[in-house]
Amino acid sequence: MKRAGIMGGTFNPIHNGHLTLARKAREQFALDEILFMPCGEPYMKAAQKVEAARIRAEMTALAIQEEPYFILSMIEIEHSGNTYTYETLERLKQENPNTEYYFILGADSLFQITKWAKPERIFANCRLLAAVRDDKTVADMETQIGRLKEEYQAVIFLLKIDCMDISSSQIRRKVADGISIEADVPAAVRAYIEEKGLYL
């Protein structure tokens with residue numbers, strides 16, 4: 001079986017934390033490739049101002065252009081209307097029955113995933129790789145993993161990664177405040193943000 005990771009997200013903008021997480025997941029779980037999958041219309045962030053899908057996809061492509069095992073997936077962007085993780089996973093499994101999918105997420109998403117649309121169908125079609133971040137400890141994560149295993153028969157592994165104090169919302173605030181984001185995003189992404197005048 002081919003082993004493919006999935007890094008899904010709004011990527012508004014994509015940043016070094018996303019790239020580090022993907023590299024660690026690939027190393028620790030021997031993934032053959034990682035699909036970077038910007039969402040189309042993020043129904044859970046409807047109240048936020050999100051850059052157009054094309055712009056977020058272009059930033060993602062720039063961020064991963066020198067990573068041979070990272071691939072831009074437009075599957076959700078090309079889907080009209082709201083995109084749901086369970087639908088995307090079912091489509092991927094149908095199109096690629098010999099691929100095992102590993103969905104990469106952070107602690108915040110692990111604790112929110114039961115509020116996503118049809119979580120039981122998410123767990124049925126992928127394994128989860130969860131990274132400790134934010135205010136969650138390893139013990140918190142293991143407790144939540146135990147709950148999800150019991151309720152959904154989910155297959156979840158913890159990712160070993162140093163906590164990173166970086167987020168897309170922080171980057172947007174920095175840009176708006178005129179603070180450098182050189183340490184937060186790849187150089188090509190920073191140049192793109194400056195060229196397009198994003199987040200001002």
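Which strands does helix α1 lie across, and at about what angle does helix α1 run to β6?

Author: This is a predicted model, in which local features need pLDDT of at least 70, side-chain atom pairs count only at pLDDT 80 or more, and totals for chains, interfaces and linings use all residues. Residues are numbered from 1 along each chain as its sequence is written, and side-chain values use heavy atoms, with hydrogens and water left out.

Helix α1 (residues 16-29) lies across β1 (2-9), β2 (33-38), β3, β4 (99-106), β5 and β6, and runs at about 115° to β6. Here helices (H or I, at least four residues) and strands (E, at least two) are DSSP runs, numbered from the N terminus. Contact means heavy atoms within 4.5 Å. Axes are lines fitted to C-alpha atoms, for helices over the stretch in contact, and angles run from 0 to 180 degrees between N-to-C directions.

The 6 strands form an open sheet with parallel pairing, in the order β3-β2-β1-β4-β5-β6; two strands pair if DSSP finds at least two bridges between them. β3 (70-72) and β6 (156-159) stand at the edges with a single partner strand each, so one side of each has no neighbour in the sheet. From one strand to the next, the twist averages 30°.

Leu129 has Phe157 in β6 as its bridge partner. Helix α2 (residues 53-64) lies across β2 and β3, running at about 160° to β3.
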